[in-house]
Amino acid sequence: MSEVHPHEEVRPERSPYAARIRAMEALLVEKSVLTEAEIQDRIEYMDSRTPANGAKLVARAWTDPDFKERLLSDAKSAARELGLDATHEAELIVVENTPVVHNLIVCTLCSCYPRAVLGRPPDWYKSFEYRSRAVREPRAVMREFGFEPEEGIEVAVHDSTADARYMVLPMRPEGTKNMDEEELAALLTRDALIGVSAPQAPSRAS
Amino acid sequence: MTPFHPGDRVRVRPAEKPGHVRAPDYLKGRSGWISCVLGHFPNPEDVAYGLSGMPEKTLYRVSFRQSNLWDGYEGPDGDRLYADVYEHWLEPEGER
């Protein structure tokens, strides 16, 4: 591979899979199917998408009821309003937590994830354990993340088995009335947007 | 293929199919309700093998009662599981 990447430092190969991917990459470049620059562009594009994007969408929805309606009815075009490109997703659906239902996202078949708005999934999301347990015992899984829905709230698990990707719109925590969009976005973690936890208002200790 | 509408009771076909399949085993043979029509998409089970996936298939979101899926499920009766299931994996409840 050193002939193919003469100016590049050799990346450590952590597993046979990584070695295989590097070999495929080298072959694709050698056969002029892709260029190194295209691969690099794609990596940068993927890295540019982070849970901060999803947090922005939610914070806007919390402060603008009309936007919230658009986010729930057509998430892709709502994302575009904030300059987020979600056209690579087949379908993007935002599900709303309410005082009667708490939503949780999983993909039991593989690792389908709303990458356009949350970036790459965390390793635990792709683990066999999460994928099998999130559908079977979602409440136990959430407890392990330190979260328990309040009494009387039903749990809705969304198994992303096909062409739709799901993101959770959490409930706005109490005690955040005076916060602006940016402060609200800072309350949102990736885990809350997957549904294994819920955002908390900062304690008023200060 | 029977078109389904929100509220219709359906069952996931308990069929086996080799290769790339988008109906998870844990739902095969289970009954639920059509929650909504998600749209029409090239069949991913064919696209996976480099085929066109045409004609497009209708994709439904189907809702299941968790207590119908798992023995000893921990949680209230209202807990639900939603999965996205293609038309060719669904049959009207009662049909064999």
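**View 1. Confidence along chain B of the predicted model.** In this predicted model, the confidence within chain B is lowest in helix 1 of chain B (residues 44–47), where the mean pLDDT is 91, and highest in strand 4 of chain B (residues 80–86), where the mean is 97. Taken over the chain, the mean pLDDT of chain B is 92, and 95% of the residues of chain B reach 70 or more. For the model, the scores are ipTM 0.94 and pTM 0.88.

View 2. Is strand 4 of chain B covered on one face or on both faces? Both faces are covered, with Arg80(B), Tyr82(B), Asp84(B) and Tyr86(B) buried on one side, and Leu81(B), Ala83(B) and Val85(B) buried on the other. Because 7 of the 7 residues of strand 4 of chain B are buried, this strand is largely enclosed by the rest of the structure. A residue is counted as buried here if 20 or more other C-beta atoms lie within 10 Å of its own.

**View 3. The strands paired with strand 4 of chain B.** Strand 3 of chain A (residues 154–159) runs parallel to strand 4 of chain B and is joined to it by 4 bridges. Within this pairing, His158(A) has Tyr82(B) as its bridge partner, while Val157(A) stands opposite Leu81(B). Strand 3 of chain B (residues 57–65) also pairs with strand 4 of chain B, but in the antiparallel sense and over 7 bridges; here the bridge partner of Arg61(B) is Asp84(B).

**View 4. The sheet that contains strands of chains A and B.** The strands described above belong to an open sheet of 7 strands with mixed pairing, and their order is 2(A)-3(A)-4(B)-3(B)-2(B)-1(B)-5(B). From one strand to the next, the twist averages 35 degrees. Helix 8 of chain A (residues 128–136) lies across strand 2 and strand 3 of chain A together with strand 4 of chain B, and it runs at about 150 degrees to strand 2 of chain A.

**View 5. The contact between chains A and B.** The contact takes 21 residues from chain B and 20 residues from chain A. On the side of chain B that touches chain A, the elements that give two or more residues are strand 2 (31–41) and strand 4 of chain B. Which of these elements gives the most to that side? Strand 4 of chain B does, with 7 residues. By class, the side of chain B that touches chain A has 13 nonpolar, 3 polar and 5 charged residues.

**View 6. Chain A and its domains.** The secondary structure of chain A comes to 11 helices and 4 strands, and its C-alpha trace spans about 60 × 40 × 35 Å along its principal axes. The domain assignment gives domain 1 (16–48) and domain 2 (51–194) of chain A, and the centres of these domains, taken over C-alpha atoms, are separated by 30 Å. Of the 206 residues in chain A, 34% are buried.

Note on methods
Residues numbered from 1 in each chain as written. Chains lettered and ligands numbered in written order. Predicted model: local features only at pLDDT ≥ 70, side-chain atom pairs only at ≥ 80, totals over all residues. pLDDT = per-residue confidence, 0-100. Domains from an automatic or database assignment. Buried ≥ 20, exposed ≤ 12 C-beta atoms within 10 Å, placed from the backbone. Pairing = 2+ DSSP bridges. Contact = placed C-beta atoms within 7 Å. Nonpolar A, V, L, I, M, F, W, Y, C, P; charged D, E, K, R; others polar. Axes fitted to C-alpha atoms, helices over the stretch in contact; angles between N-to-C directions.
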